[in-house]
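Please look over the sequence and the model shown here before reading on.

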Amino acid sequence: MKKILLSVLMLLATAGMAFAQADLQPLVVVKLNKNESVTVKQLKTRVKTYEKQMGQTLSADDRKKILDTIIDEKLMLQAAAKAGVNIPDSAVDQYFLQWMSQQVGQNLSEKELNDLIKKTQGVTLDEFLTAQVGMSVAEYKAYLKNQLIIQQYVVQSKQSEMQKVTATDDEIRMFYESNKASFVMNDTIKAFLILVPKGNDVDAAKNKANELRNKYVDKKMTVDQIVVQANIEGSGYQAGETLIPKTEVAAQAYGLNYPKLVELFQKEEGYVTEAAETPTDFRVLALEKKYTAKMLSLSDSVQPESTYTVYQYINQNLTQQKQMAYLQTAAQELAASFNTPANVEWKKSGDDLTKLLSWSN
């Protein structure tokens, strides 16, 4: 019996080693700047991510397209390295936080983001991101860094051509006419915001918020004085003027529920709120000026107290869209120019490749 059991265990171990070896098989070697293999395991990892996002199993043909994408990425990354292009991790972290902050509707540090996700979703940021895009934070940042390096390399390589890609006057006016109904300025208030983080002493933070509020109300400190002091290292608070539209998103961003924001809009200019508590800080809002909602023309400013017009806004956005489309095409053309037999060596092809791409999940 022991001999039979031992034989079964050896057979299972051998099968496991065979699967592991199969996953480590190189499908392609990319060698534009250095020898770099694309293994079955690497492809499976990327395919798993796409399948998770799409909610379906991909065909062998689809997996081949993903393999081609990985090859193009490696060619472009090797070309970027050869050209000395790199992106610091700090820039990747900043880009990641900007993207995540847009998802949750407020600017947060990575720790604050993790705390918020844990509180609202009951999972860590790692678990949340894995569920959403199939990658952990570290994996997503590594992927993001590669994409940013490739983008920077293409911009550097095609800068002069890209600068010629701009929106025309006809395109700007046509876009405005097609989307005129969306160019509306909401009821908006200009407010002075004082924000005191709780830190490790909630009572001290509350007292500081009340103290600053009272000095402002009693005219013992002006807006400028409070802002200047806030910028001194160790001041313990933040302050500045801001524009707040009458929307639920804005209410959440400023630690208010929507009815409270509507109530604030009904107050007279000069009204100052009490120090309101949020999960992370105490906030004071002083209503400085009110602006009534209106339809915007091409020559109107996109928001109060700005010289940035609707025309300029559309021009910038259409130009960015056209330049991004150009960069995408340019990236594909550059990758295709590098994808030669001298730079890409296929280790598997034909039926052998199709068989390897036809694994079952």
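**From the whole chain to single residues**

Of the 361 residues of the chain, 33% count as buried, where buried means under 20% relative accessible area, exposed over 50% and partly exposed in between, with a 1.4 Å probe and protein chains only. This is a predicted model, in which local features need pLDDT of at least 70 and side-chain atom pairs count only at pLDDT 80 or more, while totals for chains, interfaces and linings use all residues. Residues are numbered from 1 along each chain as its sequence is written, and side-chain values use heavy atoms, with hydrogens and water left out.

The C-alpha trace spans about 85 × 65 × 35 Å along its principal axes. The radius of gyration of the chain is 28 Å, whereas a compact globule of 361 residues would have one near 21 Å; the radius is taken over C-alpha atoms, and the globule rule is 2.2 Å times the number of residues to the power 0.38. Among the contacts with a separation of 6 or more, 66% join residues 24 or more positions apart, a contact being heavy atoms within 4.5 Å.

The secondary structure consists of 15 helices and 9 strands, which are DSSP runs numbered from the N terminus (helices H or I, at least four residues; strands E, at least two). Strand 7, residues 281-291, is largely enclosed by the rest of the structure, because 8 of its 11 residues are buried. Strand 4 (residues 188-197) runs antiparallel to strand 7 and is joined to it by 10 bridges, strands being counted as paired if DSSP finds at least two bridges between them. Within this pairing, T188 has Y291 of strand 7 as its bridge partner. Strand 6 (residues 276-277) is also antiparallel to strand 7, with 2 bridges between them, and A276 stands opposite R283 of strand 7.

K219, in the loop between helix 10 (202-217) and helix 11 (223-230), has a positive phi of about 60 degrees although it is not a glycine. With a relative accessible area of 73%, K219 is exposed. E305, found in the loop between strand 8 (294-295) and helix 14 (310-338), likewise has a positive phi, near 60 degrees, in a residue other than glycine. E305 is exposed, its relative accessible area being 52%.
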